[in-house]
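Here's a quick walk through one protein chain, taken a region at a time. Have the viewer open and follow along.

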Amino acid sequence: MTIQTVVVPDLGGAETVEVIELGLAPGDNVEVEDCLLVLESDKATMDIPSPKAGVFTKYLVEEGATVRVGDAIAEIDVADAASPTADVAVEEAPVEAAPVAEEVAPAAPVASAPATSSELMIQVPDIGSDDKVDVIEICVAVGDEVNEGDTLVVLESDKATMDIPSTHTGTVLKIVVAEGDKLGTGDEVALFKVTSSAEEAAAPATPETAPAASEVASVVAAPVAAPVVEAAPVAAPEDVPTGGDFYAGPAVRLLARELGVDLSQVSGSGPKGRIQKDDVSHFVKKVMKNKDSAVASSAGGAGIPAIPTVDFSQFGEIEEIKLSKIQKLTAANMQRNWLNVPHVTQFDDADITELEDFRKGLKAEGEKRGVRVTPVAFLIKALAASMQANPEFNRSMGADGQHVIQKHYCHIGMAVDTPRGLVVPVIRDVNEKGIWDISAEIMTLAGKARDGKLTPAEMQGGCFTLSSLGAIGGNGFTPIVNAPEVGILGVSKSQIKPVWNGSEFAPRLMLPLALSYDHRVINGGDAGRFMTHLVKLLSDIRHLAL
């Protein structure tokens, strides 16, 4: 039997995730693909499967811990016929390592220490997107000794910042990127001198040689590090300026400006003392709870009074229910969008009598295809056509507020209510797909959302959002725009209503629609034309073929 360590696999773009469930006990038998534990990111939960069959030994993390790609999380005792051979190889490694070490530094008195090295180019791992994102921070300098998992550079997309970790332990020989560059999956980051497996095998057997090996590494690294020694203080938290230049990325600075927070009052919890969005949010909560007006004014506050704290237990029995990470993130996003986006909502009804008759007529063919066609598929298709006819709704406000971004792709998100909270998977290139393709994707994504299997990449890149309460009920509601998108359509339950046709009132199936939009980008005329076009398509789906 051999102990195998299980690590966090590629999460498709998530920077860090939280351990929310540990379901096994030491001695439990596990099969391949059995769930070892459950992780939760900002937008989804993920089951981590067992890579091999065996006996579960122990967890290396606790519930509530935060982990990232490559972190060790559990150990499994697996059957391994080659394990005796492996033990022999480990015992022989120190003997083989010594001659190699002499080749690395033959003139040095510590040449007998086991130390072999090779050069390796570190690349950007899968970031869950084909798009390239900006390099906002270089966290290492030439000559630095870096451990596996240490942050090399920080990337920032339109939704998140991502630390790119080192996949090996070694010395930085060359950095091939600069701040402001754009990187994507597979792009080169830095050239490393990494230690070989022989050295790692020898180190435990001969601990007395460790200082000698360290001295060899220092001799090799010193001449390279000398020309750039002044760059090192940039990464040291104790040397971060306390004036106007703070150790924070652009997204954090923007959030601080929006909330009126003075970053000199905020303590950073990120790598090397970097201020993160959560640090700003926690600071704001602390200030809002503090009744001392002097402390509140030092933050420059947003001018929004805090809701008084109420002891509900004085009125009867209560229970405190902890919010999931998705629920907390949703609450924060909704509040931010409501405060930053000037909302306007426009209402209308669409006559979907013929649409519904046609949809029901597809039932037999749908059973043969294994696809269930719902009204949502027609709504998403009609939204894509309306966005093509009214491209103002396929824009986003630029970060500087001086320009808008016109998108030439059409990805539409659909809000899905799950036991863990509200998630929004995105259907891509809707304008290029038919009703059958869209219906199949709706079934797949909705199922993954309910099972907590969505990846971050499947919830990114939306241009517009559809929020349908048709299956639940209601006459209408005002949805909140999912910034940086500029529009969202709320759909309520369809009802039979009497409609005047010119000579009499006739029963028609009417669908209530509510279009909310960002008034900085969309004006009333744009919204009116969009809604009119959408209603026309839904009332007579033959227009979708034109």
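## A salt bridge to start with

Let's begin with arginine 542, which counts as exposed at 64% relative accessibility (over 50% is exposed, under 20% is buried, and partly exposed is in between, using a 1.4 Å probe and protein chains only). Its salt-bridge partner is aspartate 540, with 2.9 Å from N to O; a salt bridge here is a side-chain nitrogen of Lys or Arg within 4 Å of a carboxyl oxygen of Asp or Glu. Aspartate 540 itself is partly exposed, at 21%.

Some ground rules: this is a predicted model, where local features need pLDDT of at least 70 and side-chain atom pairs count only at pLDDT 80 or more, while totals for chains, interfaces and linings use all residues. Residues are numbered from 1 along each chain as its sequence is written, and side-chain values use heavy atoms, with hydrogens and water left out.

## The overall picture

The protein chain has 12 helices and 27 strands. Of its 546 residues, 39% count as buried.

Contacts mean heavy atoms within 4.5 Å. Among contacts with a separation of 6 or more, 62% are between residues 24 or more positions apart.

## More salt bridges

The salt bridge count comes to 12. One of them pairs aspartate 349 with lysine 497, at 3.8 Å from N to O. That pair links distant parts of the chain, since aspartate 349 sits in strand β17 and lysine 497 in strand β26 (residues 495–500), 148 residues apart. Both ends are partly exposed: aspartate 349 has a relative accessible area of 30% and lysine 497 one of 32%.

Lysine 433 and glutamate 441 also meet in a salt bridge, with 2.2 Å from N to O. Glutamate 441 is partly exposed, at 24%. Then there's a network of salt bridges that links Asp351, Glu354 and Arg508.

## Helix α11 and what it packs on

Helix α11 covers residues 435–451, 17 residues in total, and reaches 24 Å from its first C-alpha to its last. That's close to the 24 Å expected at 1.5 Å a residue, where the expected span is 1.5 Å times one less than the number of residues. Its buried residues are Ile435, Trp436, Ile438, Ser439, Ile442, Leu445, Ala446, Gly447 and Ala449. As a reminder, an α-helix has 3.6 residues a turn, so residues three or four places apart point the same way.

What do the buried residues of α11 pack against? On the helical side, the partners are α9 (363–369) and α10 (375–389); on the strand side, they are β20 (412–414), β21 (416–418), β22 (421–423) and β23 (426–427).

## Two valines in loops

Valine 341 is in the loop between α7 (325–340) and β17 (343–351), and it is buried, with a relative accessible area of 5%. Beyond neighbours within four places in sequence, valine 341 is in contact with Val481, Ala483, Asp518 and Arg520. Its C-alpha is 8.8 Å from that of valine 486, 145 residues apart along the chain.

Valine 424 lies in the loop between β22 and β23 and is partly exposed, at 21%. Leaving aside neighbours within four places in sequence, its contacts are Gly413, Met414, Ala415, Glu458, Met459 and Thr465.

Where is the cis peptide bond that has an omega of about 10°? It joins alanine 483 and proline 484, and proline 484 is in the loop between β24 (464–468) and β25 (487–491).

Two residues other than glycine have a positive phi to look at. Glutamate 33 has one of about 80°, in the loop between β3 (29–30) and β4 (35–40), and is exposed at 58%. Aspartate 429 has one near 50°, in the loop between β23 and α11, and is partly exposed at 29%.

Methods
Helices (H or I, at least four residues) and strands (E, at least two) are DSSP runs, numbered from the N terminus.
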